[in-house]
Amino acid sequence: MEQERMEVFLERFRQEPPSYIRVLEKQALAEDVPIIRRGTQDVLRFLLRTREPERLLEIGTAIGYSALFMKECLPEKSRITTIEKVEMRLVEARKNLAEYDKEGRIRLLEGEAAEKLHELVKKGETFDFIFMDAAKGQYLNFLPDVAALLTPSGLLVSDNIWHEGDVMESRYAVTRRDRTIHGRMREYLQAITHHEQLETICLPVGDGMTISQKRN
Ligand code: SAM
């Protein structure tokens with residue numbers, strides 16, 4: 001409740017993105033597509049505008065909303081690579097990127113993220129900002145490749161770490177279906193907060209997010 005009141009209060013101070021972003025957001029919410037919340041958008045905007053990363057990697061495109069939102073926060077020289085595997089989402093993402101990324105600053109990689117991450121590592125690609133927003137139960141599996149792809153001083157932002165508050169509950173208080181994700185997310189939090197290459201902060205913003213910086 002307090003968080004909801006705060007969200008409503010903060011709305012009046014929020015900087016507005018280009019109008020097409022809000023149209024896409026409305027569309028996504030109407031169609032139950034899970035996209036980044038307003039609080040998460042605020043943090044991403046701040047980080048992207050202050051750090052101006054040149055090569056950003058997103059894991060979990062959905063319909064391309066957050067990729068387009070982030071593009072609008074970045075200088076022209078910055079490029080975004082985003083990964084998605086579900087065809088139903090890809091259909092919309094291709095359409096939205098064709099319409100709103102005419103400059104071709106966003107590269108869509110179609111397929112399973114674990115495979116795409118391996119390929120990026122093999123090719124020797126690196127990123128100075130990584131936004132993790134895919135299947136919550138997979139974050140831990142992605143971590144070794146993500147840590148390898150991140151440049152020294154680069155930032156890793158992971159979204160939905162509360163999993164609607166479930167992560168804080170006892171294992172027995174969550175439904176059976178969510179128990180695996182619950183356990184894996186706790187393991188992921190343990191891993192990134194104790195990772196020798198990462199310095200991490202957990203923030204109660206949106207559905208919970210973490211920001212990690214890779215040590216030099
Ligand atoms: N970042 C998007 C936004 O805010 O506009 C929302 C992403 S949504 C929360 C998560 C997306 O990750 C879904 O579209 C899902 O299909 C995709 N996804 C989940 N697991 C994946 C995997 N292993 N490989 C590729 N995509 C995956």
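Four aromatic pairs occur in the structure. The model is a predicted one. Two of these pairs are followed here.

A pair of aromatic rings is described by two values, the distance of the centres and the angle of the planes. Take Tyr20 and Tyr100. Their ring centres are 4.3 Å apart, with 15° between the planes. Planes under 30 degrees apart count as stacked, so Tyr20 and Tyr100 are a stacked pair. Tyr20 sits in helix H2 (residues 19-30) and Tyr100 in helix H5 (residues 87-100). The pair therefore ties together parts that lie 80 residues apart in sequence. Tyr100 is partly exposed, at 22%.

The pair of Tyr139 and Tyr188 has another geometry. Here the centres are 5.2 Å apart and the planes stand at 75°, so the pair is edge-to-face. The cut-off for that class is over 60 degrees. Tyr139 belongs to helix H7 (residues 139-149) and Tyr188 to helix H8 (residues 176-193). The two residues are 49 apart, and their pair links distant parts of the chain. Both Tyr139 and Tyr188 are buried.

Now turn to helix H6 (residues 113-123). Its buried residues are Ala113, Lys116, Leu117 and Leu120. Viewed down the axis of H6, they fall within an arc of 100°. They therefore line one face of the helix. The general rule behind such spacing is simple: an α-helix has 3.6 residues a turn, so residues three or four places apart point the same way. What do the buried residues of H6 pack against? Their partners are strands E1 (55-59), E2 (79-84), E3 (106-110) and E4 (127-132), together with helix H7.

The ends of H6 have details of their own. Glu112 caps the N-terminal end: one of its side-chain oxygens lies 3.0 Å from the backbone nitrogen of Ala114. Gly124 follows H6 and has a positive phi, near 80°.

A ligand nitrogen is 3.4 Å from an N or O atom in the Glu58 side chain. How much of the ligand does the protein bury? Taken alone, the ligand exposes 610 Å², and the protein buries 91% of that.

Definitions and conventions: Residues numbered from 1 in each chain as written. Predicted model: local features only at pLDDT ≥ 70, side-chain atom pairs only at ≥ 80, totals over all residues. Heavy atoms only, no water. Phe/Tyr/Trp six-rings, centres within 6.5 Å; stacked < 30°, edge-to-face > 60°. Helix = DSSP H or I, 4+ residues; strand = E, 2+ residues; numbered from the N terminus. Buried < 20%, exposed > 50% of the residue type's maximum accessible area, 1.4 Å probe, protein only. Arc of directions from axis to C-beta. Contact = heavy atoms within 4.5 Å. Polar contact = N/O pair within 3.5 Å; in protein donor to acceptor, adjacent residues only side chain to side chain. Areas by Shrake-Rupley, 256 points an atom, 1.4 Å probe, with all protein chains shown as cover.
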